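Visitor: I have a model open and would like to learn how to read it. Could you walk me through a few features?

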Amino acid sequence: GDLKVYLLDEVHMLSKGAYNALLKTLEEPPPHIIFVLATTEPHKVEATIISRCQRFDLKRISGGAITGLLAHICEKEGFTFDQESLEEVARSASGSARDAINGLEQVVTYYGLAPTCEQVQEALGLSIDARSGALAGLALDGDLTGGLKLIATVRDDGVDMRDFARQVVKYLRGLLLAKAGAR
């Protein structure tokens, strides 16, 4: 109604000129305007801008809450996802509702309204390379030479090494949960 709200996303990416213009506006803001400055890297925002703002640090959303949100969306939109698939989408979003919803849309775009868990993993780039378990085994056995050779093979095959490292950690996490009786 009486207010206009402007959302400036990724405000840390503003140019020097844009910062100066924003600073002038923030020093004497019109009474009917609210600015929301969003950033994932607050340390990169100019101190003069930060000093003129109220700061709210938002936390990541729990996996359970995101899974619930996705289940609600699926129910409203007529999508059929099993619980494991919803949890995969939620886990891949790392606490971001926006990324989870985008992931859900991506899966539906690729595989339709009722994808399998394997299709969900494939659409999100979560397909597991069996060598991640093998590397974890070599690490647990203390076989440094074998581990380095396996890593070189994976790299030479063109696999994204960050994704591969995440898979190894996911495998080790699963082992820890199984050992603790949590699975």
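Guide: We'll go through strands, helices and aromatic pairs in turn. Keep in mind that this is a predicted model, where local features need pLDDT of at least 70, side-chain atom pairs count only at pLDDT 80 or more, and totals for chains, interfaces and linings use all residues. Residues are numbered from 1 along each chain as its sequence is written, and side-chain values use heavy atoms, with hydrogens and water left out.

Visitor: Strands, then. How many bridges join β1 to β2?

Guide: In a regular strand, side chains alternate between the two faces of the sheet. Helices (H or I, at least four residues) and strands (E, at least two) are DSSP runs, numbered from the N terminus, and two strands pair if DSSP finds at least two bridges between them. Here, β1 (residues 4-8) and β2 (residues 33-37) run parallel, joined by 5 bridges. For instance, V5 has I34 in β2 as its bridge partner.

Visitor: Which helix makes a β-α-β unit with β1 and β2?

Guide: That's α1 (residues 16-27), and the unit is right-handed. A crossover gets that label if, with the strands pointing away from the viewer, the path from the first strand over the helix to the second runs clockwise.

Visitor: Now helices. Which residues of α7 are buried?

Guide: An α-helix has 3.6 residues a turn, so residues three or four places apart point the same way. Buried means under 20% relative accessible area, exposed over 50%, and partly exposed in between (1.4 Å probe, protein chains only). In α7 (residues 131-141), the buried ones are S132, G133, L135, A136 and L138. Their cover includes α8 (144-156) and α9 (161-180). After α7 comes G142, with a positive phi near 75°.

Visitor: And E88, is that residue buried or exposed?

Guide: E88 sits in α4 (residues 83-92) and counts as buried, at 4% relative accessibility. Contact means heavy atoms within 4.5 Å. Setting aside neighbours within four places in sequence, E88 touches C117, V120, Q121, L124, L126 and K170.

Visitor: Last one: how many aromatic pairs are there?

Guide: A ring pair is described by the distance of the centres and the angle of the planes. Rings of Phe, Tyr and Trp (its six-membered ring) pair if their centres lie within 6.5 Å; planes under 30 degrees apart are stacked, over 60 edge-to-face, the rest tilted. This structure holds 3 such pairs. F79 and F81 have ring centres 6.4 Å apart and planes at 50°, so they are tilted. F79 is buried at 19%, and F81 is buried at 11%. Y110 and Y111 also have centres 6.4 Å apart, but planes at 75°, so that pair is edge-to-face. Y110 is exposed at 54%, while Y111 is partly exposed at 28%.
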